[in-house]
Amino acid sequence: MSAVMITRKVTRKWEKLPGKNTFCCDGRVMMARQKGVFYLTLFLIIGTCSLFFAFECPYLAVHLSPAIPVFAVLLFVFVMAMLLRTSFSDPGVLPRALPEEANFIEMEIEAANGNVLAGQRPPPRIKNVQINNQIVKLKYCYTCKIFRPPRASHCSICDNCVDRFDHHCPWVGNCVGKRNYRYFYLFTLSLSLLTIYIFAFDIVHVVLRSVDSGFVNTIKETPGTYPFIRVLVCFFTLWSVVGLTGFHTYLISLNQTTNEDIKGSWSGKNRVQNPYSHKNIIENCCEVLCGPTYPSVLDRRGVMLEDSTSPNPSDASTHKSSNPVSQTTVRQHFL
Amino acid sequence: PADTFHNLQELHHSASLATKVFIQRDYSDSTICKFQTKFPAELDSRIERSLFEETVKTLNCYYGEAEKIGGQSYLEGCLACATAYIIFLCMETRYEKILKKISMYIQEQNEKIYAPRGLLLTDPIERGMRVVSFANTWDVFLSVGTTLKELCTIYKL
């Protein structure tokens with residue numbers, strides 16, 4: 001007679017989620033599949049900042065003020081926190097309809113469309129809702145089998161419908177949607193400030209050294225051509241990131257998403273106006289940046305209810321807990 | 001015993017909920033979470049209109065409170081931003097607290113009102129906050145009853 005303890009791994013819901021996402025840390029982290037550009041972003045930020053801290057900061061701390069590297073560190077930490085939060089969180093993915101809900105919606109559509117003659121194309125599946133005296137068309141998503149809520153859109157890269165879909169950003173390796181838009185915006189804003197900060201103090205550093213020992217000597221002293229590479233990186237980053245921050249500030253003030261802007265949904269032709277805008281810049285900004293933190297509806301770490309088939313039919317008596325879902329070990333006694 | 005099975009079959013005919021009933025979102029007030037209070041015809045014989053409306057209106061109130069943009073949400077947002085949102089790793093957000101209240105409310109409503117009428121209300125968060133669904137619990141008992149009847153005829157009990 002021997003007692004054997006078998007640890008059965010619990011299946012969590014993220015393992016069975018449809019869509020093209022990758023999950024890490026047992027479902028706590030959610031990202032898109034292609035992460036190459038995200039690693040590049042990390043490399044550029046960490047690389048540039050490390051060189052700044054290693055070479056410029058000691059000189060600046062001594063000759064100007066120790067507050068300069070301290071503030072740079074704080075800004076760097078904030079940028080990284082925002083980036084990781086944007087990349088790792090659920091952007092607001094809408095789960096696909098379960099079969100019962102999908103059937104219910106199908107029945108509603110058939111009832112609304114009436115009889116379609118054979119050979120004729122069925123009418124497009126659209127629902128009209130009125131929001132703030134504006135008719136908004138809700139489209140049916142054939143993949144997720146739901147009528148997309150207003151402002152939601154289906155991301156073909158991640159194969160998910162995302163609420164308040166802004167865009168899919170390869171630089172952060174994730175979609176930007178309702179739940180992580182503010183972190184994305186704060187990331188671009190803080191990265192702009194960090195880039196300007198490093199760029200400015202690079203120049204200050206070169207100027208101070210030149211004042212001390214002459215410009216030509218400064219070039220000779222500073223190892224290799226690294227400051228120029230960094231200045232180049234900063235220069236290009238500056239224009240793109242600052243430009244992006246400016247663009248998103250404009251979108252926030254109008255309470256629009258990138259997706260709506262690209263499609264020209266509220267461009268004003270046919271008297272179409274943005275029904276979500278509060279017509280007040282401050283109110284729009286407050287809603288986007290200071291609104292509530294929406295919960296994830298995906299329940300990635302929920303435990304899957306297993307319809308378990310007995311793993312070993314040969315044992316005469318088995319001890320199983322009355323709730324196999326929460327049990328992680330199954331102790332089997334062999335007679 | 002034959003009478004019991006006969007009664008169950010009667011119930012099966014009278015149970016008007018063949019499938020689940022889904023209450024959809026009401027988008028008239030923009031994208032805030034709100035459900036339609038229109039009473040569906042399928043529930044006509046199962047529950048009083050006033051009880052149904054009260055449940056949905058209370059749920060809408062809870063969600064409205066969670067999504068309200070006011071002093072408390074500003075405070076939470078600014079405090080969290082100042083800590084680079086690291087504080088959310090240890091603190092529960094206001095929305096999460098209200099979601100817990102909602103799930104307790106739904107449990108209470110199921111126990112007091114819906115289970116005695118053979119209905120089961122599911123928490124919208126389990127359906128992506130898209131629908132409030134009413135399931136027919138009597139279907140479970142009916143299918144058990146039908147299976148028992150078949151077993152009885154097989155074993156000639």
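A salt bridge here is a side-chain nitrogen of Lys or Arg within 4 Å of a carboxyl oxygen of Asp or Glu. By that rule the side chains of Glu101(A) and Arg130(B) meet in a salt bridge, with 3.1 Å from N to O, and the count between chain B and chain A is two.

The model is predicted, so that local features need pLDDT of at least 70 and side-chain atom pairs count only at pLDDT 80 or more, whereas totals for chains, interfaces and linings use all residues. Residues are numbered from 1 along each chain as its sequence is written, chains are lettered from A in the order in which they are written, and side-chain values use heavy atoms, without hydrogens and water.

The contact between the chains (heavy atoms within 4.5 Å) takes 36 residues from chain A and 28 residues from chain B. Together they bury about 2800 Å², 66% of it on carbon and sulfur atoms, where buried area is the accessible area (1.4 Å probe) lost on putting the two parts together, summed over both. In chain B, Tyr27(B), Tyr85(B) and Arg130(B) lose the most area to chain A, together 25% of what that side buries.

Tyr85(B) is also among the residues with the most contacts inside the largest nonpolar core, which has 44 residues and in which Ile45(A) and Phe52(A) are likewise named. Such a core is a set of buried Ala, Val, Leu, Ile, Met, Phe, Trp, Tyr and Cys residues joined through side-chain atoms within 4.5 Å, buried meaning under 20% relative accessible area (1.4 Å probe, protein chains only).

Conventions. Buried < 20%, exposed > 50% of the residue type's maximum accessible area, 1.4 Å probe, protein only.
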